[in-house]
Amino acid sequence: DLLREVVGQALLETPEIKTQLQDLIREERLEPLARVAHTMKSVASVFASVKTEDAAAAIEEAAFGNDLEAATRHLPQLLQSIDDLILQCADFTATD
C-alpha cells in the first residue's frame, strides 16, 4: 500500500541524510547543511515527528545564521531523533 511505500522510502533515505549532516558539519559547509536540515525537517513533518522536526529546524536556523557551533551542538539530538524515527518506521513496515 502507498503508506508502506512512503515509510519504506524514508527508511532508505534517512540514513544518507544522517551521513550528509555529519559530513557537512565536519567540513564546515553551512549552506548545504541548511538545505539538508530543511529536507530532514520536511521528512519529519510528514511523519509528525515533532522532536526530529524541531532539531532539524534548529540546525537549519544555525546554518543560515553561520553559527557552526550551534549547529554542532544540536547535531546529537537530531541524530538520535532520526534513529528513533527510523525505528518507528521499521516497526511500522514490519507489521502486517
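Q: Which residues does K18 touch, not counting residues up to four places away in sequence?
A: This is a predicted model, in which local features need pLDDT of at least 70 and side-chain atom pairs count only at pLDDT 80 or more, while totals for chains, interfaces and linings use all residues. Residues are numbered from 1 along each chain as its sequence is written, and side-chain values use heavy atoms, with hydrogens and water left out. K18 is found in helix α1, where helices (H or I, at least four residues) and strands (E, at least two) are DSSP runs numbered from the N terminus. With contact taken as heavy atoms within 4.5 Å, and residues up to four places away in sequence not counted, K18 touches L79, I82, D83 and I86.

Q: Is K18 buried or exposed?
A: A residue is buried under 20% relative accessible area, exposed over 50%, and partly exposed in between (1.4 Å probe, protein chains only). The relative accessibility of K18 is 17%, so the residue counts as buried.

Q: Which helices do the buried residues of α1 pack against?
A: The buried set of α1 consists of V7, A10, T14, I17, K18, L21, L24 and I25. These buried residues pack against α2 and α4.

Q: How far apart are the end C-alpha atoms of α1?
A: The expected span of a helix is 1.5 Å times one less than its number of residues. For the 25 residues of α1 this gives 36 Å, which agrees with the separation of its end C-alpha atoms, 36 Å.

Q: Which residues of the largest nonpolar core touch the most other members?
A: A nonpolar core is a set of buried Ala, Val, Leu, Ile, Met, Phe, Trp, Tyr and Cys residues joined through side-chain atoms within 4.5 Å. The largest such core has 25 residues, and those touching the most other members are L21, L33, M40, I59, A71, L75 and L78.

Q: Which helix supplies the largest share of this core?
A: At least two core residues come from each of α1 (2-26), α2 (30-46), α3 (50-64) and α4 (68-94). The largest share, eight residues, comes from α4.

Q: With which residues is L75 in contact, leaving aside its neighbours within four places in sequence?
A: L75 is found in helix α4 and counts as buried because its relative accessibility is 10%. L75 and R29 are 46 residues apart in sequence, with their C-alpha atoms 14 Å apart in space. Leaving aside neighbours within four places in sequence, L75 is in contact with L21, Q22, I25 and I59.

Q: Which contacts does A71 make, leaving aside its neighbours within four places in sequence?
A: A71 is among the core residues that touch the most other members. Beyond its neighbours within four places in sequence, its contacts are I25, L33, I59 and A62.

Q: Within what arc do the buried residues of α3 fall, seen down its axis?
A: The buried residues of α3 are T52, A55, A56, I59, E60, A62 and A63. They line one face of the helix, because the directions from the helix axis to their C-beta atoms fall within an arc of 165°.

Q: Which residues are exposed on the other side of α3?
A: The buried residues of α3 pack against α2 and α4. On the other side of this helix, the exposed residues are E61 and F64.

Q: What is the phi of N66?
A: N66 lies in the loop between α3 and α4. It is exposed, with a relative accessible area of 60%. Although N66 is not a glycine, its phi is positive, at about 55°.

Q: What is the phi of A48?
A: A48 lies in the loop between α2 and α3. At 61% relative accessibility, it counts as exposed. Its phi is positive in a residue other than glycine, near 55°.

Q: Which residues does L30 touch, not counting residues up to four places away in sequence?
A: L30 lies in helix α2 and is buried, with a relative accessible area of 13%. Its C-alpha atom is separated by 35 Å from that of L2, 28 residues apart along the chain. Not counting residues up to four places away in sequence, L30 touches A63, N66, D67 and L68.

Q: In which helix is confidence highest?
A: pLDDT is the predictor's confidence in each residue, from 0 to 100. The protein chain averages 92, and 99% of the residues score at least 70. Confidence is lowest in α1, at a mean of 90, whereas the highest value, 97, belongs to α3.
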